[in-house]
Structure formats: C-alpha cells, structure tokens
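Hi everyone, thanks for coming along. Let me walk you through a few places in this structure, and please have it open as I talk.

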Amino acid sequence: MSAVPFNSAWLWSYYRQRQKQRQFLRFESKRNDWSLEMSPRHSSSDEDMDWLDASLMNLESNNLNCIDNGTCKIEDEVNSDSNYSDVNSEDEREVESASDEQTDNEDKQCDETLLKVYEMKNRECIVFLNSNLNSLKNGFCLEFGNIICTCLVGSITINGFELKEAQSVKLFTGVGKRCRHLLRFSNCRSVKVGKKEIKQRFKTANINPAFIEELQESISDDETAVTMLHLKKFESFPLIVLESLNSDVRLWEKTWFRFDSFRKRVPMNAVWEEELTQSLLPQINSSSVIIVCGPKNVGKSSVLRWLVNRVLSSDHKEVYFVDCDPGQCEFTAPGLLSFAAVDQPILMPPFISVQMFKNHTFYSTSVGGTNVSDNPDLYLMNFKQLWEQALNFLDFAGRKPIFINTMGWMKDIGLQLLIDIINFVRPTDLIELTFERGEKKRAYKELTPANVRQMNCWSIGCPTLDENEIELNYNYVKLELLKGREPKSSRDAVMNRVNAQLAYLSLCEEIRFKEFSDLQAHQYKLSEVFIHVVYECPVDKLLSVEIIKNSWVHLCRVCDEIPKDNEDIHILSELNENMCLGSGIVRNLNVDEGYIEVLSCESTEKLDLVNCIIKPMGIFVPEQLIGNK
C-alpha cells in the first residue's frame, strides 16, 4: 500500500492559517525520489505568500511532513485506490511500477527520515541527513543555488571534495537555462550526537539564538546519528554584476537553492569514481603530472574538477592546473592558455572560476582565438613557453601535482598537437575519456605509451628518441562515457565563453558605483604599442584599425626587440610567443590624436606593461554589452 502525498494547495492553505505563529518551516522527506526548493519569505501578506507554491511545486510526490515549531504534525493520508494525474515524471512512474518487495522495503525505511530541512527567515537553513538509509548512498544534488555550506556534524563529499566538520565551502551552480552546474552530494558519514552537543555546534556556527531555541524543541533528547549542514546564501558584488549583465545566470527570484534526489545524470558517475579511486588516486604525489584528454563533450573538465577536489581533500593543500583548451577555459577569458594554482575545491562553473581564481593565475598566453586550426604553430609555440614558465615556477615554489586539461579536437591536426603535448610534458598519468562503442566512431588508437610512440605529431612528424632521453612511459587509464548522457551543444560552448567574458569584466572595481558606459578606460599611445589582428589572411593597416574598434582584445607583451616602423600605427605582421596580461574591450581609437583606449579589469601597473594589443579571431564583445558602448 503506497502513501499518497498532500496536495500543495492544501499545504499552502494550512500554512497561510498558521503563518503568524511560526518562526520557521520544516520539511521532511522519506522517499528516494524527491526535490526541495527553499524560497525567501519577506512578510505574511497575501502578495508575499506565493513563494510557498514554488517551494511545494516539486514536492507533490513525496511523503512530506510539515511541522510547526515541533508541535503540530501533518501525517500522510493513505489511499491505495487514488490515482493522481500529477504523477508524470519518469522517476515517479518507476516508483509506481516497482515490485511489491521494493515497496515493502520503502515502507520499512519510512520510519527513519532521509532528509530534514529547517529554514530561517534570513536565507539560512539547517539540513539533517540520515546516512543509515541505503537510499542516501547514491547521494543527491544541488540543482541550483549560490550558498556557503558548513558541515556542523559528520562529513559529506561534494563533487569529490570531502567536507569535514567545521569546514566551509562556497557552492555555485550558475543558474540558467544553459549554464547550470550540478553539484553532487555523496558519501554521507553521520556521527552520533546528543541534543546538548547539537546546540553547541549551532553556537560555533553563529546561528541566531532565537532560531536555536525553536529548533531544539524538534530535536529528540536521544543520541542520533546524523550529518548536519548549515547553508547560507552567498552574495558577492562581482556575481551580482554578472547576474545583472546576463539573465541566463540570474537566480530565480523566488528560490535561493534547490536540492534534488540523485536521479538526474551528472557528469561524474560512480563507475568512473571507483575506477579513478583504485587505479590513479593512490599513485598521485608531488611529482605527478596528469593529462586528461578525449573528444568534445565527453566530460574532461568534470573529471579534472573531481580529481582536483579529491586531491585537495587529502594531504595536498594546493595543486597546479595547466589549461590547454582556449575554447573552454577554466580560469581565464577565452582564447588563452594558462597556468594556475588551485588551493580550494572547484565547486562552481568555469565562468565563476574566472572570478574566484583570477589572482591564482600566474601565467597566461594568447593563441589568437578559440580555433587553433588556422595557426597550429602559434598554439604549440605558446604552449611550450607556458610549460617552461610553469617548470621555472615549480623550481621556485616547490613541486606539487599538476593537472593538464586538453582540447576536444581528437583528429587530424588536433590529435597531432596532443601527441606533441604528451611528448613534451612526459606525464606520469594519462586519462583518456571515450564514448562507448557504437556511440561515435573512433578515429585513432588508444593513447597508450606504446601507441603514442608510433603516432605522428605536428612539430616533427614521428618523434625519435635521443640517446639521453627517457622512454615515454605513463600510467594509462581509460574511461568510457555511459550511454544516455545528454550531450552539450555548440550553443552551450558559446554561452560558456560569453559568461566567462562577462564574469571577467564584472571584476572591474569601478563597476561597483558606475554604469558600464561610464567606466574609465586605460589609454595607450599608438606609437608605443603594436596592433595585431588575427585572421585567416594578412590584414593591412587601414583594415586593422577598423576591425579593432569596439572589439574584444588580448592585452599582451611581446619581445621588446621587435623593430617598429616609422608609421603612426605599428602593425605586428606575425604573432609569436607572448605573455597575456589581461583582456578588454577597445572603447575608442583616435588615429589623428594617436591614442587607443581599452576597458579592462586589470590594475594600472599591469596594463602599463602591455606593448601589443591583439584582436583574436572568433571572440567578440558579448551582445549584453552592445548597448553600453
């Protein structure tokens, strides 16, 4: 006999009647398939009561208890003959068609609550998790929300990072139709605590004392095994600016976070985690160099983030990240290769990482755009320079694990460039992600050390081994993408790049108190800088001046020994090795007065080092800023 949930309208009516008496709302979920939205409450007026409809919209299929200050409990109505037309989702149909044995097991588990959420009025809440239930082993996910999560009791793993007691992390999902970044909660480990100890944990978390007293009434005096989390909405000014510039990353007005049962597909799965835990993680040390490669949309970035988070959960407090994918950069604006230090878990989409890790990027270089097929030599030349700079930094700061992200171009020139990178870096471990057989035709051999030695590279064809050179050898790990994963589209890639550009510009200090159109631009004398427009064919001076106006540019430093002609505008005919100091938008270019103005979020000291302004190919000013010239 299956339990029938309350109708949300009934709960909404009940809540309206008791709003003036209650100080917080408590939700309990005992079923495997559930979702929960928490929304802000402002007052008890009729106009502000609609938030509850949004919160309960996805709770129709749950065994839900609503408790008012621990005194009034609504029990589930039982009606085995009722059939609800609301049950339309695939997960709910699976529950409806489950065997009697599975139903009996669920009924036995209903005596223990899977999840409890106590919400405060100031966008804070306490979450209790019961890890004794088998249904929690698969975990659940944060579908959207920007929050600070503190573990008060026990521990839990979030996208590979183990959050232990008294630890806090910032979680971002980048809410939007095409840029949501699901965060998976798993491996919940509970600890037995009593009522007094729970109260003490509340005090250490600086929770409102009035809320603690109300919450104590709903906690039993017996010791219970729980994992307890404190969630609080996180707001930063760059994030607010980013949300105002792009509605795709704006939080829903009536919801500040949403949990969902782990029935939806997220990039990392248990099979991959088990394989990496057994074959790779035990071998990672301070000398490890790990390359992750594979075709587009197979999950390279997700695997890298998970690995970085797992390593940061261990004895390593910091790792290094080399990003070789100019089309989907992890920590910079698009079109760059970068070397960064990571000392906190990556629990956010890449465009938020641009804001969070900007000061952790030690070196970056421009490859002239997102598509390297037009100039593979420039890509390879600047990667080698980047790697040499990284090695010099390691000699100074000490060796730590290095993770290398690669492009998804796994055929023709792209594959040859990857072979060059493998031969040049000589990794200790290589993870290759592939689609299952039959999903997509494989155009190359497995990237084992033996096969790579026989494959052609872009720079010198088939490499030969020098007498003093160590033979290429590394630990090879192959992961296959499971069928049914929803692939990304080219539209997603474009939106990720646009969001990274907007996130970068939102770091401008003056944007806190000025309109975008009023921001002060940095002025360069045309006689002191080179201008280079990346295009499929050479571009003359007059056309370069027109193209670079109101365009997205890379602000770089090239070799000082490059001679300048006697013209009023210096055009760099060929781009070679360079150090990128930032990105920006050309606000104004006046040939008669001999100056060019560029808007960027970098410091004046850094912008003064720029001697070359590069217009990359395929990267444009975001359309959200077109009206703010």
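First, a term: a residue is buried when its relative accessible area is under 20%, exposed when over 50%, and partly exposed in between, using a 1.4 Å probe and protein chains only. Second, helices (H or I, at least four residues) and strands (E, at least two) are DSSP runs, numbered from the N terminus. This is a predicted model, where local features need pLDDT of at least 70, side-chain atom pairs count only at pLDDT 80 or more, and totals for chains, interfaces and linings use all residues. Residues are numbered from 1 along each chain as its sequence is written, and side-chain values use heavy atoms, with hydrogens and water left out.

Let's begin with helix α9, residues 300–313. How many of its 14 residues are buried? The count is 12, so to speak a mostly covered helix by the definition I gave. Among the buried ones are Lys300, Arg305, Trp306 and Asn309. From first C-alpha to last, α9 reaches 20 Å, close to the 20 Å expected at 1.5 Å a residue (the expected span is 1.5 Å times one less than the number of residues).

Now to the aromatic rings. Rings of Phe, Tyr and Trp (its six-membered ring) pair if their centres lie within 6.5 Å; planes under 30 degrees apart count as stacked, over 60 as edge-to-face and the rest as tilted. By this rule there are 11 aromatic pairs. One of them, phenylalanine 331 with phenylalanine 357, is tilted, at 5.0 Å centre to centre and 50° between the planes. These two sit 26 residues apart, in the loop between β19 and β20 and the loop between α10 and β21 respectively, and both are buried. Phenylalanine 383 and phenylalanine 424 form an edge-to-face pair, 6.4 Å centre to centre with 65° between the planes. That pair links helix α11 to helix α12, across 41 residues.

My last stop is aspartate 608, in the loop between α16 and β31. Its side chain makes a polar contact of 3.2 Å with that of histidine 522. Such a contact is a pair of N or O atoms within 3.5 Å; within protein, one must be able to donate a hydrogen and the other to accept it, and residues adjacent in sequence count only if both atoms are side-chain atoms.
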